[in-house]
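Visitor: Please take a close look at a single part of this structure. Keep it brisk, and give the cut-offs as you go.

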Amino acid sequence: MRHSPSNRTVVSCTLLVAALGASATACGSDDHPLSAKPYDAAEQISFGDSIGDGKKADPDKPLEVTAEDSDDRITDVTAVDAAGRFVAGELSADGSRWHSTSPLAAGARYTVRVSTEDEDGAPGRETRTFETSRPTTKKRLDVTFGPKTGTYGVGQPVTAELSQPVREKAQRAIVERALKVDSAPTAEGAWHWVNDKELHYRPKEYWPARATVQVRSNLPGIKIADRLWGGKAKPLKFTIGDSVIAVTDAATHEMTVYKNDKVINTIPVTTGKPGFDTRNGVKVVLGKEYFVRMRGTSIGIAEGSADSYDLPVYYATRVTWSGEYVHAAPWSVGSQGSANVSHGCTGMSTGNAEWFFDNVREGDVVKVVNSNGHTMETFGNGFGDWNLDWKQWQGGSALIRGTAADTAPEQTARLRPASA
């Protein structure tokens, strides 16, 4: 089917230019099919049963665009809803058909822009809008992001708490692909499934100092399972402060504190004695408490036994939920810098503990090396996320990394067919 004059071809134009000694530009570019104003391609394409008759489209069905005439072909399709969410799709090699590969959202309004070309290469355009129906089930998957808005250290993970369990890998992939984390400066990162209802996100390396992190969900209206649809999620924005990393060497009984890669303090410390060895590995500051009453019974020590204790503790910086702190320990000053005598915490003088308390914030990194203790738990007792190397961390993702299946919809929604 022809939609533009073709009596003067590109070849004849070129010969005419050579004969007259004129430039290629001067030879009317209006005769080239690609320079023509796009024709209305409404009659050359169809949308199957997904759009039409004024009815709302079923979000359970894929969006399909087909070239009606064998002489025409689809060259590009973009489908996006009112929230800016693109629909990923695949275009057949011959350009005869495009279909969506990511689910449509329920209760959404979409705009579809289709580009075509006829047998002469003349471009056609068609734009169509449609709405999808709402799901019949009321079961929704809501997402709650953490931490709260504020400023955090470079080790702070992003958390996503789900209102319903998601167990199947395919369903997890839908959820994970819809949870977006952006930072400025940019930092490569990934989600990791902690369990059926919780995900953590962290960069490959620590966050850049003074970064801004924004988290959002594209799940609303997206079908996850037969009776489960994406629900609400409040977006999150937080900032990262200076890079503060404290490294405690249990063998030398010394903590070195770095700020933006420069040493700002070296502190004599004592860590856990044999049987109560301090956890090795990376921990993240969970909070700060000016006063804590510490009892041996909280970690399983029988009251009245040789190791029993009940002490008022000041300037306590928490690094595990089970009770490991960096804190003031005036009773062990004589051992600080020379011996490990604590029940697992990192103790220091009151003055040093006050300085540490005043110079760290939630999300800052506290790392212990050369202890005989086990490695910090990855999950469940604070943030041990950084004790997994990057490959192990990516292993907790439901997305197949480095393949087309993991390419963002914004990148796969616009595809020209390969040459036949």
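**The four-stranded sheet**

Guide: Four strands make up an open sheet of mixed pairing, ordered β23-β24-β25-β26. Its edges are β23 (287-295) and β26 (346-348), each pairing on one side only. On average, neighbouring strands of this sheet are turned by 35° against each other, direction ignored.

The model is predicted: local features need pLDDT of at least 70, side-chain atom pairs count only at pLDDT 80 or more, and totals for chains, interfaces and linings use all residues. Residues are numbered from 1 along each chain as its sequence is written, and side-chain values use heavy atoms, leaving out hydrogens and water.

Some terms. Strands (E, at least two residues) and helices (H or I, at least four) are DSSP runs, numbered from the N terminus. Strands pair if DSSP finds at least two bridges between them. Axes are lines fitted to C-alpha atoms, for helices over the stretch in contact; angles run from 0 to 180 degrees between N-to-C directions.

β23 and β24 (residues 310-318) run antiparallel, joined by eight bridges. Within β24, A316 stands opposite E289. Helix α3 (residues 350-359) packs on the sheet. The helix touches β23, β24, β25 (325-328) and β26, where contact means heavy atoms within 4.5 Å. Its direction makes about 35° with that of β24.

Now the rings. The structure holds 10 aromatic pairs. Rings of Phe, Tyr and Trp (its six-membered ring) pair if their centres lie within 6.5 Å; planes under 30 degrees apart are stacked, over 60 edge-to-face, the rest tilted. Ring pairs link Y290, F291, Y314, Y315 and F357 into a cluster. F357 also has a charge over its ring: the charged end of K288, 5.0 Å from the centre. The criterion is NZ of Lys or CZ of Arg within 6 Å of the ring centre and within 35 degrees of the ring normal.

Last, the packing. A nonpolar core is a set of buried Ala, Val, Leu, Ile, Met, Phe, Trp, Tyr and Cys residues joined through side-chain atoms within 4.5 Å. Buried means under 20% relative accessible area (exposed is over 50%, partly exposed in between; 1.4 Å probe, protein chains only). The largest such core has 59 residues, with L63, V175, L179, W191 and L219 making the most contacts inside it. Apart from that core lies another, of 17 residues, including M255, Y315, M348 and F356.
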